[in-house]
Amino acid sequence: MTEVHIIGSGETKFGEMWDRSLRELAVEAGLKAVEDAGIYSRDIGILYGSSSLAGTLNLQNDIGSLLADFSGIASNGIPAVRIESSSSSGAAAVREAYLAIRSGEYDVAMVGGVEKMTDIYGSEILDIVGTTLDREWETFFGGTPAAMAAISARKYMHDFKVGKEAMSMISVNDHANASKNPNAHYRNKITLEAAMKSTPVADPLNLMDCSPISDGAAALILASEKFARSVGKDGVRIKSSAIAQDYLALHSRDSIYTLNSTILAGKTAFEKAGLKHSDVSFVELHDSYSIYGLMELEDLGFCKKGKASELVMDDIGLTSSLPVNPSGGLKAKGNPMGATGVGQFVEGYLQIRGKAGERQVKNASTGLLHSMSGTGSTSVVHILGGA
Ligand code: COA
């Protein structure tokens with residue numbers, strides 16, 4: 001099986017992009033990725049479009065075909081399919097592209113992730129985002145993603161005797177890094193005190209514990225080793241790819257603050273890559289809510305269960321031994337769901353090539369990307385490294 005390389009990436013700014021349509025965002029990211037890869041559109045063998053909610057938010061399904069059509073490659077006749085896996089759609093789409101190349105079926109694959117969320121107003125957006133939970137057992141009874149995360153946070157804080165500071169610190173770190181990312185939704189730095197005192201959303205979570213409602217798109221070009229070498233772009237490799245599943249409904253899980261899908265996907269990713277935690281130069285976590293940042297650090301094995309607060313309060317900044325979310329994470333870079341996981345790859349690709357500008361992690365040689373659906377039903381973990 002061939003190695004799989006990232007040879008190009010592109011993304012739009014994440015945020016409220018009221019003057020741009022879903023397709024315009026997707027095509028902007030896609031064209032940037034093709035240009036960055038320095039390939040022709042005829043080189044692309046297959047296209048994966050990822051969007052979590054476009055069918056409901058924008059009344060537009062078949063995102064793969066939309067991307068192929070609007071970017072002018074439909075006439076090439078290549079397959080263009082949509083991958084949907086809630087907020088891990090983007091990472092799941094990259095994984096499909098990875099497998100398509102690794103199997104030898106295709107030499108070059110394109111992934112385009114997009115979401116246009118801010119056109120829907122007020123409580124309606126919460127109903128739609130809530131479709132990613134268990135409709136019958138969670139959302140029907142008023143459960144929202146924020147409420148479910150708050151339930152996990154409350155129990156976590158109680159059982160491990162952890163205060164709110166560590167959760168807030170995840171967000172403080174995200175905002176600090178996002179202030180150095182021109183594509184981030186929020187570029188303002190926040191203090192720990194301001195984060196802890198922000199408007200309550202679902203106790204104990206407040207505004208600064210929540211990822212925002214974002215628009216945005218991100219795209220990636222993956223290629224086989226042979227193709228990557230032929231265009232002189234064999235610098236960043238997907239060293240492993242893993243995906244795992246847990247129950248959809250939170251109440252069905254063994255523990256409401258343990259992400260079994262993350263444990264499984266993380267373990268598999270490390271095993272497949274033949275790497276250990278100390279090899280990782282930076283991580284991008286799916287911290288749609290700050291509590292998940294703590295749970296993910298633990299369930300990925302970077303510290304013991306219940307101990308992430310110590311790690312986080314010590315230092316997770318760009319110069320620490322484990323820089324977390326150099327991009328700004330979901331909290332501050334933003335969370336346009338179908339684009340989010342692809343955007344993590346854009347960051348990983350920049351970091352490993354030493355092209356991340358002000359937020360560059362020194363000697364970034366190995367990056368772990370973690371993406372997750374809803375409250376953790378699906379987790380997708382990739383490890384990137386230099387060739
Ligand atoms: N972080 C920081 N600031 C935020 C923010 C966030 N998450 N969300 C909104 N704001 C800011 C807005 O920029 C705006 O600022 P302004 O008044 O200076 O312009 C202000 O707060 C009010 O914005 P508004 O859009 O009215 O906020 P809201 O109260 O409707 O929504 C949340 C806030 C937290 C409810 C919303 O961001 C949310 O639902 N987030 C979670 C999304 C989610 O669950 N995603 C899927 C995960 S699987």
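The expected span of a helix is 1.5 Å times one less than its number of residues. This rule is used in the first view below. The model shown in every view is predicted.

**View 1. Helix H14, from end to end.**
Helix H14 covers residues 337–352, which makes 16 residues. From its first C-alpha to its last, H14 reaches 24 Å. That is close to the expected 22 Å. How many of the residues of H14 are buried? The count is 16 of the 16, so H14 is largely enclosed by the rest of the structure. Gly354 follows the helix, and its phi is positive, near 70°.

**View 2. An edge-to-face pair of rings.**
A pair of aromatic rings is described by the distance of the centres and the angle of the planes. A search of the whole structure finds 6 aromatic pairs. One of them joins Phe270 and Phe302, with ring centres 6.3 Å apart and planes at 70°. Planes over 60 degrees apart count as edge-to-face, so this pair is edge-to-face. Phe270 belongs to helix H10 (residues 260–273). Phe302 sits in the loop between helix H11 (290–299) and helix H12 (308–314). The pair therefore ties together parts that are 32 residues apart in sequence. Phe270 and Phe302 are both buried.

Tyr156, Phe160 and Tyr257 make up one aromatic cluster. Elsewhere, charged side chains lie over rings. Arg23 is over the face of Phe70, 5.2 Å from the ring centre. Arg42 has its charged end over the ring of Tyr40, 4.3 Å from the centre.

**View 3. The largest nonpolar core.**
In soluble globular proteins, nonpolar side chains tend to be buried together. The largest nonpolar core here has 42 residues. Which of them touch the most other members? They are Ile291, Leu294, Phe302 and Leu368. Several helices and strands each supply at least two residues of this core, among them helix H7 (165–178), strand E8 (236–245) and strand E11 (378–386). Helix H6 gives the most, with 6 residues. A second, separate core has 32 residues, including Ile83, Ile238, Ile352 and Ala356.

**View 4. Around Leu294.**
This view stays with one member of the largest core. What does Leu294 contact, leaving aside neighbours within four places in sequence? Its partners are Tyr156, Ala166, Met167, Ile170, Ala308, Ser309 and Val312. Tyr156 is also part of the aromatic cluster with Phe160 and Tyr257.

**View 5. Ala149 in helix H6.**
Ala149 lies in helix H6. Its relative accessibility is 0%, so Ala149 counts as buried. Not counting residues up to four places away in sequence, Ala149 touches Leu205, Tyr289, Ile291 and Tyr292. Asp127 is 22 residues from Ala149 along the chain, and their C-alpha atoms are separated by 16 Å.

**View 6. His370 in strand E10.**
His370 is found in strand E10. Is it buried or exposed? At 0% relative accessibility, His370 counts as buried. Leaving aside neighbours within four places in sequence, its contacts include Thr262, Glu284, His286, Glu296 and Gln344. Ser379, Val380 and Val381 are also among the contacts of His370.

Most residues other than glycine have a negative phi, and most peptide bonds are trans. Ser86 has a positive phi, near 55°. This serine is in the loop between strand E3 (80–83) and helix H4 (89–102). Ser86 is buried, with a relative accessible area of 8%. Asn363 also has a positive phi, near 50°. Asn363 is in the loop between H14 and E10. With a relative accessible area of 67%, Asn363 is exposed. Where is the cis peptide bond that joins Asp203 to a proline? The bond runs from Asp203 to Pro204, with omega about 10°. Pro204 is in the loop between strand E5 (200–202) and strand E6 (205–206).

A disulfide is a covalent bond between the sulfur atoms of two cysteines. The count in this model is 0 disulfides. Cys210 has 10% relative accessibility and counts as buried. Cys303 counts as buried too, at 19%. The cut-off for buried is under 20%.

Conventions
Residues numbered from 1 in each chain as written. Predicted model: local features only at pLDDT ≥ 70, side-chain atom pairs only at ≥ 80, totals over all residues. Heavy atoms only, no water. Phe/Tyr/Trp six-rings, centres within 6.5 Å; stacked < 30°, edge-to-face > 60°. Helix = DSSP H or I, 4+ residues; strand = E, 2+ residues; numbered from the N terminus. Buried < 20%, exposed > 50% of the residue type's maximum accessible area, 1.4 Å probe, protein only. Lys NZ or Arg CZ within 6 Å of the ring centre and 35° of its normal. Core = buried A, V, L, I, M, F, W, Y, C linked by side-chain atoms within 4.5 Å. Contact = heavy atoms within 4.5 Å. Disulfide = S-S within 2.5 Å.
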